[in-house]
Amino acid sequence: MRPLCKCKQRPAAINYYKDGKPYYRKLCEKCLRNGLNHGVPKWQQYGYEKKEVCEKCNYKSKHSEVFNVFHIDGDLNNCRPTNLKTICANCQRIVQKQGVRWKQGDLRPDF
């Protein structure tokens, strides 16, 4: 069975064949060309997992594409789990249109 790349997104690249048996590299083709974890969001690299419910309006969906990871303080380099929340696309558009940043107290606590 073909192993996964260290980025855990794609299968590892084939390095060579010997006696008909494939030997694999540790990285996929994309990571070999662009560097490990290229294209993987920082929040995902730091271990945050997107939830299946909006933390602002409690909307639930079967499709994870509806939700985005929102940085509370607006600093995209600050990927601490306390700075990240999962919100639906509708809530994100409302927050962007109003131009108001959320404060830590505006969100429901994680229990």
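1. A salt bridge is counted here when a side-chain nitrogen of Lys or Arg is within 4 Å of a carboxyl oxygen of Asp or Glu. E55 and K51 form such a contact through their side chains, at 3.6 Å from N to O. The structure holds two salt bridges.

2. Some notes on the basis of these points. This is a predicted model, in which local features need pLDDT of at least 70, side-chain atom pairs count only at pLDDT 80 or more, and totals for chains, interfaces and linings use all residues. Residues are numbered from 1 along each chain as its sequence is written, and side-chain values use heavy atoms, with hydrogens and water left out.

3. Confidence is given as pLDDT, the predictor's confidence in each residue, from 0 to 100. The protein chain averages 80, and 84% of the residues score at least 70. Elements named below are DSSP runs numbered from the N terminus: helices (H or I) of at least four residues and strands (E) of at least two. Confidence in the protein chain is highest in β2, at 92, and lowest in α2, at a mean of 79. Where pLDDT is low, the predicted coordinates should not be read in detail.

4. The other salt bridge joins the side chains of E55 and K85, at 3.8 Å from N to O. This pair links distant parts of the chain, 30 residues apart: E55 is in the loop between α2 (42–45) and β3 (67–71), and K85 is in strand β4 (residues 84–88).

5. E55 counts as buried because its relative accessibility is 7%. K85 is also buried. K51 is partly exposed, with a relative accessible area of 28%.

6. Two residues deserve a look for their backbone angles. Most residues other than glycine have a negative phi. D19, which is not a glycine, has a positive phi near 55°. D19 sits in the loop between β1 (14–18) and β2 (21–24), and its relative accessible area of 80% makes D19 exposed.

7. N58 is likewise not a glycine, and its phi is positive, at about 65°. The place of N58 is the loop between α2 and β3. With a relative accessible area of 43%, N58 is partly exposed.

How values were computed:
Buried means under 20% relative accessible area, exposed over 50%, partly exposed in between (1.4 Å probe, protein chains only).
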